[in-house]
Amino acid sequence: MESGLFSLSGKTALVTGGSRGIGLALAKGLAEHGANVAIIARTKEQLEAARQQIQTDTGLRRAQSSRKKVWTFPFDLKNIKAIEALFENIVSETKGIDILVNCAGMTVRGPSEDVDLKTWNQVIEVNLTAAFVISQAFCRHRKQVAKAGRIINIGSLTCHGARPTTAAYASSKGGLLMLTKTLAVEWAKYDINVNAIGPGYIATDLTEPLRSDEDFNEWVLSKTPLGRWGQPEDLVGTAVLLASKAGDFITGQIIYVDGGWLAML
Ligand SMILES: NC(=O)c1ccc[n+]([C@@H]2O[C@H](COP(=O)([O-])OP(=O)(O)OC[C@H]3O[C@@H](n4cnc5c(N)ncnc54)[C@H](OP(=O)(O)O)[C@@H]3O)[C@@H](O)[C@H]2O)c1
């Protein structure tokens, strides 16, 4: 008999940045474990393709009737002031969100002395401020329905250490780690567990320029004891752990899924 320890049956997850890369893999993985999912991104066509992919892939293993529900919400998270209304709309369409995954992210690389303020602000807004504001809306919603909740923030190796040319990105992810800890200690009283996942280098659109740089690619492989780039699917198990009953007593943590990167001197 299955224990149900990792089951997400009856839950609904909202994944920002769920149209491709890590967010899509997480949305699909949560659906595979029983959740209905809502996804946010800017590009409508990619959202629609993601919706079909999640439904087809989860439906393949189940009867047609038990295909997961997938809602799509085209939205630019830089539009911070509209996030609260967006979230209310999502709740009214889905009838409630149990799990929030803050995954949408962007990066701009360049010498720190040359980064203009507009670029800095955009990275901080998408990676940190939007995650905070949507988490606030999620908390108010869980309080209103008097039910527990889970927040999973997608951090980075830059939650732990720095690399040249990533000032805005690393600052946003460092901030996201402290936000994770703050909300975990503050919202434990509402039964909201807040954790982060720190991916190593994962093969997605975001890292395509790095993978096609031969020297950088060699460097990544040499720094990763498991000797490969991660795949978005490598993060699914940790997300399911943090979203399910198995994660009941885990809060305020970051779990690095990095092929051993941070363990090596
Ligand atoms: N790939 C890695 O090696 C790696 C490592 C550590 C951490 N991460 C983190 O993991 C997360 C996902 O990365 P990824 O590699 O999967 O990136 P990706 O392939 O570029 O996907 C980014 C996702 O975020 C959405 N997005 C970006 N800007 C947005 C905005 N302003 N409003 C709404 N949605 C937006 C994108 O859709 P639209 O463009 O259509 O909006 C897309 O769905 C990011 O937070 C990233 O920092 C990635």
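## Loop residues with positive phi

K95 sits in the loop that runs between helix 3 and strand 4. In this predicted model, K95 has a positive phi of about 70 degrees although it is not a glycine. Its relative accessible area is 72%, over the 50% cut-off, so K95 counts as exposed.

T165 also carries a positive phi, near 70 degrees, and is likewise a residue other than glycine. T165 belongs to the loop between strand 5 and helix 5. With a relative accessible area of 28%, T165 is partly exposed.

## E93 in helix 3

Helix 3 covers residues 83-94 and contains E93. The relative accessible area of E93 is 44%, which makes the residue partly exposed. When neighbours within four places in sequence are set aside, E93 is in contact with W71 and F73. Strand 3 spans residues 70-74.

E93 and P209 are separated by 116 residues in sequence. The C-alpha to C-alpha distance between E93 and P209 is 37 Å.

## The sheet

The sheet is open and is formed by 7 strands in the order 3-2-1-4-5-6-7, with parallel pairing. Strand 3 (70-74) and strand 7 (254-257) are at the edges; each has a single partner strand, so one side of each lacks a neighbour in the sheet. From one strand to the next, the twist averages 15 degrees.

Strand 6 (residues 192-199) is joined to strand 7 by 4 bridges, and the two strands run parallel. Across this pair, A196 stands opposite I254 of strand 7.

Helix 8 is made up of residues 236-243 and lies across strand 4 (99-102), strand 5 (149-154), strand 6 and strand 7. Relative to strand 5, helix 8 runs at about 150 degrees.

Helix 8 also packs with helix 1 (residues 21-32): their axes come within 9 Å and cross at roughly 55 degrees. Helix 1 and helix 8 are therefore oblique to each other, and their crossing is right-handed. On the helix 1 side the contact is made by A25, L26, G29 and L30, which meet V236, A239, V240 and A243 of helix 8. The contact of helix 1 with helix 8 comprises 7 nonpolar residues, 1 polar residue and no charged residues.

## Helix 4 and helix 5

Helix 4 (residues 117-145) packs with helix 5 (residues 167-187) at an angle of about 15 degrees, and the axes are 8 Å apart. An angle under 35 degrees counts as roughly parallel, so helix 4 is roughly parallel to helix 5. The crossing of helix 4 and helix 5 is right-handed.

Helix 4 contributes W120, V123, I124, N127, L128, A131, F132, S135, Q136 and C139 to the contact. The residues of helix 5 that they meet are A167, A168, Y169, S171, S172, K173, G175, L176, L179, L183 and W187. By class, the contact of helix 4 with helix 5 divides into 14 nonpolar, 6 polar and 1 charged.

Note on methods. Residues are numbered from 1 along each chain as its sequence is written. This is a predicted model: local features need pLDDT of at least 70, side-chain atom pairs count only at pLDDT 80 or more; totals for chains, interfaces and linings use all residues. Side-chain values use heavy atoms; hydrogens and water are left out. Two strands pair if DSSP finds at least two bridges between them. Axes are lines fitted to C-alpha atoms, for helices over the stretch in contact, and angles run from 0 to 180 degrees between N-to-C directions. Contact means heavy atoms within 4.5 Å. Angles under 35 degrees count as roughly parallel, over 145 as roughly antiparallel, 65 to 115 as roughly perpendicular and the rest as oblique. A crossing is left-handed if the near helix is turned anticlockwise from the far one by less than a right angle, and right-handed if clockwise. Ala, Val, Leu, Ile, Met, Phe, Trp, Tyr, Cys and Pro count as nonpolar, Asp, Glu, Lys and Arg as charged, and the others, Gly among them, as polar. Buried means under 20% relative accessible area, exposed over 50%, partly exposed in between (1.4 Å probe, protein chains only).
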